[in-house]
Amino acid sequence: MHPLEQLRDDALREIAAARDEKSLEGVRVEYLGKSGSISEWGERMKTLGKEERPVVGKLLNQARKAVTAALDQRAGKVRADKESDALASIDVSLPGTPHNTGSLHPLHQMHERGIQIFRRMGFALAEGPDIETEWYCFDALNTPPDHPARNEQDTFYLPDGRLLRTHTSTVQIRAMESAPPPIRVIASGAAYRRDELDATHSPQFHQIEGLYVDENVSVADLKGELEFFMRELFGADSEVQFRPHFFPFTEPSLEVYVRSKALKGGEQWIEVAGCGIVHPAVFEAVNKARGDNAYDPEKWSGYAFGLGMDRLAMILFEIPDIRLFSQNDLRFLKQFA
Ligand code: PHE
């Protein structure tokens, strides 16, 4: 066997044994590099006799060709093995990474539904702060200093004399202060009372307040609006009942009850709101604050209402306990996603 054939066979064996690109490159340099043992035969050719030269030349070519081809082929295989090793470490049958999408709190959904219905009736959104003065919460709303609602047992007072609003009716005053009649607004938000926390009471609860002031506004308008609202919310066969009540800031004052066959326990009347015709004393208080007579009780009249949103949401979504709204239990919240 010619030494070139021997070199070729050695190279082919080393190539077959190579496990990575680095050792393949080592083999290439060893045999085919500038001073590689096969390449050296190129130089040696010049020293050979005429007969021997073509024979060795042929062998040299064959050896180069065979080793180069083997290197290419093995490199391809090494690369493919590397890729499939990497893939083998990925278990494609494993479940994917779950991405949790958030959703709106049921109370928030309830507010949005309520606001949507009132928007269609032409109500604009008004706002007021949760921390209020006694004037906005009581005095301007014709609630005298000795009224039980102002008692420290019912109201959260701050050390500086301000308080957490006990109802959203404060926004009635703020809305009238900032714009003359006619006015048609709703305000949605939290209210606070020193109630013991149980299945139906919470020291923080939520209301949608409504106020409409125009010429000749009557109880008939009020009833029509609230009936429409309840039917939109609870279905066309909802029944609404108004019962006489007392609020210092409305006269007459009414409580609103609703029942609907579409609801669970549909035979029962459930109290959902307080409402009434705005008391002239409220207009007078607003006029005083405005420094004009914009809300002249002789010219303007209005109605107001306060809807209990926690109650409405509990009826609509069949939620048995008001505490669920504030416990942040995902098992509960996810049911409204
Ligand atoms: N503010 C009253 C309450 O929270 C409800 C109400 C609002 C009554 C507007 C009459 C008019 O109980």
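The lining of the second largest pocket in this predicted model comprises six nonpolar, three polar and three charged residues. This pocket holds about 290 Å³ of space, and H10 contributes the largest share of its lining, three residues. The largest pocket holds about 1000 Å³, while the largest cavity has a volume of about 30 Å³.

**Second largest pocket**
- Twelve residues line the second largest pocket.
- Those nearest its centre are Lys 264, Ile 270, Met 314, Ile 315 and Ile 319.

**Largest pocket**
- Of the 42 lining residues, Thr 166, Arg 193, Phe 205, Gln 207 and Phe 247 are the closest to the centre of the largest pocket.
- Two or more lining residues come from each of S5, S6, S7, S8, S9 and helix H10 (309-317).
- S8 provides the largest share of this lining, namely six residues.
- By class, the lining of the largest pocket has 16 nonpolar, 17 polar and nine charged residues.

**Cavity**
- One cavity of 30 Å³ or more is found in a search of the whole structure.
- The lining of the largest cavity consists of Val 171, Gln 172, Ala 175, Val 185, Ile 186, Ala 187, Glu 209, Gly 210 and Leu 211.
- Six residues of the cavity lining are nonpolar, two are polar and one is charged.

**Sheet and packed helices**
- An open sheet with mixed pairing is formed by seven strands in the order S1-S4-S5-S9-S8-S7-S6.
- Helix H8 (residues 219-234) lies across S4, S6, strand S7 (250-259), strand S8 (270-278) and strand S9 (301-308), at about 30° to S9.
- Helix H9 (residues 280-290) also packs on the sheet, where it touches S5, S8 and S9 and makes an angle of about 65° with the direction of S8.

- Thr 168 is located in the loop between strand S3 (163-164) and helix H7 (170-178).
- Because its relative accessible area is 1%, Thr 168 counts as buried, the cut-off being under 20%.
- Leaving aside residues up to four places away in sequence, Thr 168 touches Gly 189, Ala 190, Gln 207, Ile 208 and Glu 209.
- The C-alpha atoms of Thr 168 and Ile 208 are 7.2 Å apart, although 40 residues separate the two in sequence.

Notes
Residues numbered from 1 in each chain as written. Predicted model: local features only at pLDDT ≥ 70, side-chain atom pairs only at ≥ 80, totals over all residues. Heavy atoms only, no water. Helix = DSSP H or I, 4+ residues; strand = E, 2+ residues; numbered from the N terminus. Buried < 20%, exposed > 50% of the residue type's maximum accessible area, 1.4 Å probe, protein only. Contact = heavy atoms within 4.5 Å. 1 Å grid on protein atoms, 1.4 Å probe; cavity = no way out; pocket = protein on both sides within 12 Å on 5 of 7 lines; lining within 4 Å. Points joined across faces, edges and corners; volume = space filled by probe spheres on them. Nonpolar A, V, L, I, M, F, W, Y, C, P; charged D, E, K, R; others polar. Pairing = 2+ DSSP bridges. Axes fitted to C-alpha atoms, helices over the stretch in contact; angles between N-to-C directions.
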